[in-house]
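Here are a few notes for a colleague who is opening this entry now. Please read them beside the sequence and the model.

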Amino acid sequence: MQNKNRIKRLVKNNCACYFGAKYGIPNYCCLQDGPCVFFAQDDDLPHCIYFEKGVLPIDEKLEREYTSERNVESEFKTAQPRVNCPKCRATFSANSNRQKYCEKCRDKNANEKSKLRMRQMRKSRLDVTL
Ligand SMILES: [Zn+2]
């Protein structure tokens, strides 16, 4: 990963678990109780939940590169279309481009539809039997 140096800089400057040299350990991390995983010599990208949730979001650009490299599910990968609910006119981010109503109206809408369907069914049944 070519951004590892930028990650290291971000950790150095912003990670609350990073202590620099402590107890004779360089790049000491209090979560690891050892060296920070990002300062290891190998080339792969290590995992650190604390970093991903608490530090990485500071640098939006780096976060995007990091998540795409890692194939992490993220809001950047699946762009959610902004949709206006035709019912309540609220703007919400849809999970797919087929979603039309907001979460609240979706349930209400399904309810109304089934009510209508039921009514129609009862009516047609009456027509047949009587
Ligand atoms: Zn709505």
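What is the geometry of the site of the zinc ion, given its 4 donor atoms?

1. The site of the zinc ion is tetrahedral, with angles of 102 to 118° among the 4 donor atoms; four donors count as tetrahedral if all angles lie between 85 and 135 degrees. This is a predicted model, in which local features need pLDDT of at least 70 and side-chain atom pairs count only at pLDDT 80 or more, while totals for chains, interfaces and linings use all residues. Residues are numbered from 1 along each chain as its sequence is written, and side-chain values use heavy atoms, with hydrogens and water left out.

2. The zinc ion is coordinated at 2.2 to 2.4 Å by the SG atoms of Cys85, Cys88, Cys102 and Cys105, where donors are N, O and S atoms within 2.8 Å of the metal (3.2 Å for Na, K and Ca). Along the chain, these donors follow the spacing C-x2-C-x13-C-x2-C.

3. Cys85 counts as buried because its relative accessibility is 1%, whereas Cys88, at 41%, counts as partly exposed (buried means under 20% relative accessible area, exposed over 50%, partly exposed in between, with a 1.4 Å probe and protein chains only).

4. A search of the whole structure finds 5 aromatic pairs, meaning rings of Phe, Tyr and Trp (its six-membered ring) with centres within 6.5 Å; planes under 30 degrees apart count as stacked, over 60 as edge-to-face and the rest as tilted. The rings of Phe38 and Phe51 have centres 4.6 Å apart and planes at 55°, so this pair is tilted. Both Phe38 and Phe51 are buried.

5. Ring pairs also link Phe19, Tyr23 and Tyr28 into a cluster.

Conventions: Tetrahedral: all angles 85-135°; square planar, octahedral: opposite > 155°, others 65-115°.
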